[in-house]
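The following note sets out several points for discussion. Please read them alongside the sequence and the coordinates.

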Amino acid sequence: AAACALTPASSCLMALAIASSGDEDRDDWLDSLEETARRASCVLTQYRGPLMLSYGAALCLYGRHITYLALFFRTFAASGWPAARAAALELRQRVRAARTVARRELPPDFLREAGEVATTTAA
């Protein structure tokens, strides 16, 4: 599997056009099909989030569960959102306070070294 070299979103149409054009030297249609699929996969990985959201919405619509989804969102907006928002704000405030204390009281390279040790230990 070759690495995906197509990263900018503006190359999406160009990559699909190149993938579908094929070379004259390529006789095997299966190689051409595999290369087209690989290039399309490289381009589409940039849009994974929106594609998954669209896929989920389509499943809700065609699975006849859109009423449950709407009910969930209305209930969450009325009762769950205020509590979730307050908890997120408190968490952010506590993380900022802990970061300030750590920067003030720990040696300058301590956090960087701890991050390197944690990275090498996890790997």
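Predicted model: local features only at pLDDT ≥ 70, side-chain atom pairs only at ≥ 80, totals over all residues.

1. Residues are numbered from 1 along each chain as its sequence is written, and side-chain values use heavy atoms, with hydrogens and water left out.

2. The protein has 5 helices and 0 strands, in the order α-α-α-α-α from the N terminus. Helices (H or I, at least four residues) and strands (E, at least two) are DSSP runs, numbered from the N terminus. Of the 123 residues, 8% are buried, where buried means under 20% relative accessible area, exposed over 50%, and partly exposed in between (1.4 Å probe, protein chains only).

3. Helix α3 (residues 48-62) has 15 residues and spans 21 Å from its first C-alpha to its last, close to the 21 Å expected at 1.5 Å a residue; the expected span is 1.5 Å times one less than the number of residues. R64, which follows α3, has a positive phi near 65°.

4. Salt bridges (a side-chain nitrogen of Lys or Arg within 4 Å of a carboxyl oxygen of Asp or Glu) number 4. E35 pairs with R38, with the closest N and O atoms 2.9 Å apart; these residues are 3 apart in helix α2 (residues 29-44) and therefore separated by about one helical turn. E35 also bridges to R39 at 2.7 Å, N to O, and these two are 4 residues apart in helix α2, again about one helical turn. R38 is partly exposed, at 25% relative accessible area, and R39 is partly exposed at 23%.

5. R104 and E105 form another of the salt bridges, with the closest N and O atoms 3.7 Å apart. Both R104 and E105 are exposed.

6. The whole structure contains 3 aromatic pairs, counted where ring centres of Phe, Tyr and Trp (its six-membered ring) lie within 6.5 Å. F72, F73, F76 and W81 form one aromatic cluster, and F73 lies in helix α4 (residues 66-105). F72, F73, F76 and W81 also form a nonpolar surface patch with about 440 Å² of accessible area together. Such a patch joins nonpolar side chains (Val, Leu, Ile, Met, Phe, Trp, Tyr) within 5 Å, from residues with over 30% relative accessible area and no salt bridge; like charges are joined within 9 Å.

Technical notes: Areas by Shrake-Rupley, 256 points an atom, 1.4 Å probe, with all protein chains shown as cover. Phe/Tyr/Trp six-rings, centres within 6.5 Å; stacked < 30°, edge-to-face > 60°.
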